[in-house]
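The following exercises concern the packing of one protein chain. Please study the sequence and the model before reading each solution.

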Amino acid sequence: MAMNRRSFLKSSALGAMGLALPARVFGAPTGVSGRFGLHPFVENHPEAVFIMRTDVPHKLDEAAKREAGKAFGRSVFVRCREGGIPPGTSIPVKLNLKTTDAGKYPLEHILGTITDPFFAEGMFESMLLTGVSGRNIYLRENDRGDSFGTYGVLDMVQRTGIDFRTDIAGEIDKPLRAGEHFSWTDVPNGQWFKKIPQLEPVNGPNTWLLNVSKFKTHGMGVTLCCKNLQGIITRPFTRLCGPADSDLGISTEYRHQDAVERTRAAYERHVRENRIPRWDRPGPNGGIWQEAWATRTLDHLSVTRPGLNVIEGIYGRDGDCGNNGPHAPLSKAGSLPGVTARDYLSNIIIFGKDPFRTDIIGHWLAGHEPGNFGFFHLAMERKLSDVLDPRSIPVYFWDQGTAVLTPLEEIPRTQLLTYYLQRDYAGGNEPKYHICDEPFDYSSAPGVRSIPVPAEPGAAVLDRSMVTLANPYLPIEYRVPRRGHAHLEIRNSSGKVIAVPVEGMRNSGVHLASWDTRKHPRGKYTFLFQAEGRETRGTIRLEKQ
């Protein structure tokens, strides 16, 4: 990936032209030894998707949401002495933020449209505890800042000391400047774009991108991690979901001259092949619109690969991700007049290293069959993804550093209605807001078709160097070839059993246990793992940092 660090927009003062808040660091150490990184089980399993349950009683419970963010961050972000992300690395962050009618709707409504800022605050606080400086966390957003103060984003930024900047207004024909706010990323295999301008420091040298989206629906389906990254592209390029027959006002210096024509040709081929459900919906808001959005979005994703993708689903919103939805208007005193969207306390956080796999599971958990969404088909066609069937993705329940492989059928779902490619043509009468849950024959699609099964049982300590006072849990990975009983015990130097992290039935596959070391001093310990009548023994040298 080549970088041309030119900027095409003029900078401006804080206010209508944009917004920038310099970092203020509260208790975050700088220049620390050691490294920030992902939990080794998450890092080592990019094929997996993880689900963490939260316990927030109401979507306005700020303390509970902040604690959910802390619990997520403490268990996923770790300080390690080897590997990980080197000190001084810039960490650009993309939350799902958007401007809204700040004075028209109460906070209760506004929060349903964005990544919850209190969850984000708890997550950022946990990152600071690993030794990351707030100065090295760069929250970026291409929406303007006229209402960010209304729903608490600016207060969150001030409390955590991270660096926050929104898009700066301007036009493409202004003189190009050295990259103060934006930089160009070349798209070598782009079908629509040649270059894409991204908010700095995204895609710059020595950066690691954190992508945190929201569990909500949109015209593209369930607008999760892949679409969320649209918000790190500056205007006017960010209009990836603009009309299919428009060049978006972008010159041929940055897009292919025949971008519109080649998109139309690809769409017509896909309709003839008849492999993508609903793609034949006619009209400018039909399949051709989805083809254009998916093509532009996949160009962007081909050169932008986040280090971690997160879907904040403490509560989810159906409808059009704004005010409109399938419900009766709320009109009672003190409520939300005219709003027909709804929020649901789904109480889940979904995350994984691969944005496509994470979104496939997100669609499934929102009640939809992912095979019905053309975006995932086009991602496989371009070899940016290798899976379509959610049942072929290892899905784990994540709890404070433990990960238990769980069949999809055992995971509760929260139905979120979308207006994606409504079947209101060729005799169909599907409601505008609906669930795309018709069965899809995944055997007809290429890609990964099953979850790998270990050849034999066993266990191993992943990384003892990550155990700290802030994170006292030692990770132990164990393998179960066939569903059955598994047992893991920890013994001290005298041979006494002091902990049993695993005891019970486990599905076939790879799992993660964690040993809480808070009550145990440094020293030598042993573990014994039993499954299928076989034993695995190992040594643990506990060295708390």
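**Exercise 1.** State which residues phenylalanine 375 is in contact with, leaving aside its neighbours within four places in sequence.

*Solution.* Contact means heavy atoms within 4.5 Å. On this criterion, Phe375 is in contact with Cys226, Trp279, Trp293, Ala294, Thr297, Leu298, Leu301 and Phe356.

The model is predicted: local features need pLDDT of at least 70 and side-chain atom pairs count only at pLDDT 80 or more, while totals for chains, interfaces and linings use all residues. Residues are numbered from 1 along each chain as its sequence is written, and side-chain values use heavy atoms, with hydrogens and water left out.

**Exercise 2.** Identify the residues that touch the most other members of the largest nonpolar core.

*Solution.* A nonpolar core is a set of buried Ala, Val, Leu, Ile, Met, Phe, Trp, Tyr and Cys residues joined through side-chain atoms within 4.5 Å. Buried means under 20% relative accessible area (1.4 Å probe, protein chains only). The largest core has 66 residues, and Leu365 and Phe375 touch the most other members. Elements that each supply at least two residues include helix H8 (287-302) and helix H10 (374-381); helices are DSSP runs (H or I, at least four residues), numbered from the N terminus. The largest share, 7 residues, comes from H8. A second, separate core of 52 residues includes Phe41, Phe164, Trp208 and Trp398.

**Exercise 3.** Determine how the buried residues of helix H5 (residues 153-160) are arranged.

*Solution.* First, Val153, Met156, Val157 and Thr160 are buried. Next, seen down the axis of H5, these residues fall within an arc of 100 degrees (taken from the directions from the helix axis to the C-beta atoms), so they line one face of the helix. Finally, just after H5, Gly161 takes a positive phi of about 80 degrees.

How values were computed. Buried means under 20% relative accessible area, exposed over 50%, partly exposed in between (1.4 Å probe, protein chains only).
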